[in-house]
Amino acid sequence: MRASVAAGKVAHEEGMRLAAIDTSTQLGSVALFEDGVLLAEDAHRVSNAHGESLLPMMSALFERAGWTARDVTRWAVGVGPGSFTGIRIAVATAKGIVLATGAELVGVTSLDALAFGLTGELVVSLIGAGKGELFVQARRGEARVLGPMHLRTGHVGARLAEVAGGARVVVAGEAALEVDWSVLGERVELVVHPPHDLPHASAVGRIALGRPAEDADALEPVYVRPPDITMPAVATRRGTAG
């Protein structure tokens, strides 16, 4: 459990109040910005209990800042990939508030948020995907050269070695600790501590400050792979009683 107050200048519109939320992983976080300055952030590891924890966390941080939802000019939301349930909760919450207040909305992927602020010849983001897989993205400067995609954990090192060539590789995300990096030798640097352990709302907000607003109706979660859906049992023969 962590709560912090910080400040940092970023590109912004004068008078903008921005609220950012992310529940794409077990870390749920909320951040508030005013005129491009990070006023406050709260983050809690809550596993998959975001449905119960997100609104109280938002309410507490808003009360601390003296804000209401109608004071927010723009909302930023983490759209995944990550936990299917967590992503749906954050996106639905943000879209509902925007619909009620008329504020702007910007979606930011968890993989972009995870690596925000890191530099290197090749910058990689990794987030656990379950089922022995990881969500993966790699950027060379501003250009995305791999992903977003999901790979078996045991295949990640070799796949990134193919993309990297002879470049040094900076890897963000605590999921990097699950990967065998021997194929890259000393050319890999792991960055697994906050704020690059998991996606944070402060990074989602900073990215959103520099992007244009989106059509809230068109904004959708980024799942990368299809969500697991259990289909109801159906009769396999005509005339079977149901």
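**Entry 1: the hairpin of S8 and S9**

I began with the hairpin of S8 and S9 in this predicted model. I found two residues between the strands, and Gly 141 there takes a positive phi near 65 degrees. I then looked up how the two strands pair: S8 and S9 run in the antiparallel sense over seven bridges. For one position I noted that Arg 140 stands opposite Ala 143 in S9.

**Entry 2: the hairpin of S7 and S8**

Next I went to the other side of S8. S7 and S8 also form a hairpin, with two residues between them. In this turn I noted Lys 131, which has a positive phi of about 55 degrees. Seven bridges join S7 to S8, and the pair is antiparallel. Within this pair I found Leu 126 opposite Val 136 in S8. I also checked how covered S8 is: six of its eight residues are buried, so I wrote the strand down as mostly covered.

**Entry 3: S7 and S10**

I followed S7 (residues 122-130) to strand S10 (residues 169-172). These two run parallel and are joined by four bridges. The bridge partner of Ser 125 in S10 is Ala 172.

**Entry 4: the helix on the sheet**

I looked up what packs on the sheet and found helix H4 (residues 156-164). H4 touches S7, strand S8 (133-140), S9 and S10. I noted that the direction of H4 makes about 165 degrees with that of S9.

**Entry 5: the whole sheet**

I then wrote down the strand order. Which order do the five strands have? It is S9-S8-S7-S10-S11, in an open sheet with mixed pairing. Strand S9 (143-152) and strand S11 (188-191) stand at the edges, and each has a single partner strand, so one side of each is left without a neighbour in the sheet.

**Entry 6: Val 91**

Is Val 91 buried or exposed? Its relative accessible area is 5%, and buried means under 20%, so Val 91 counts as buried. Leaving out residues up to four places away in sequence, I listed what Val 91 touches: Val 77, Gly 78, Val 79 and Pro 221. I also looked up the spacing to Ile 21: Val 91 and Ile 21 are 70 residues apart in sequence, and their C-alpha atoms are 9.0 Å apart in space.

Notes:
Residues numbered from 1 in each chain as written. Predicted model: local features only at pLDDT ≥ 70, side-chain atom pairs only at ≥ 80, totals over all residues. Heavy atoms only, no water. Pairing = 2+ DSSP bridges. Contact = heavy atoms within 4.5 Å. Axes fitted to C-alpha atoms, helices over the stretch in contact; angles between N-to-C directions. Buried < 20%, exposed > 50% of the residue type's maximum accessible area, 1.4 Å probe, protein only.
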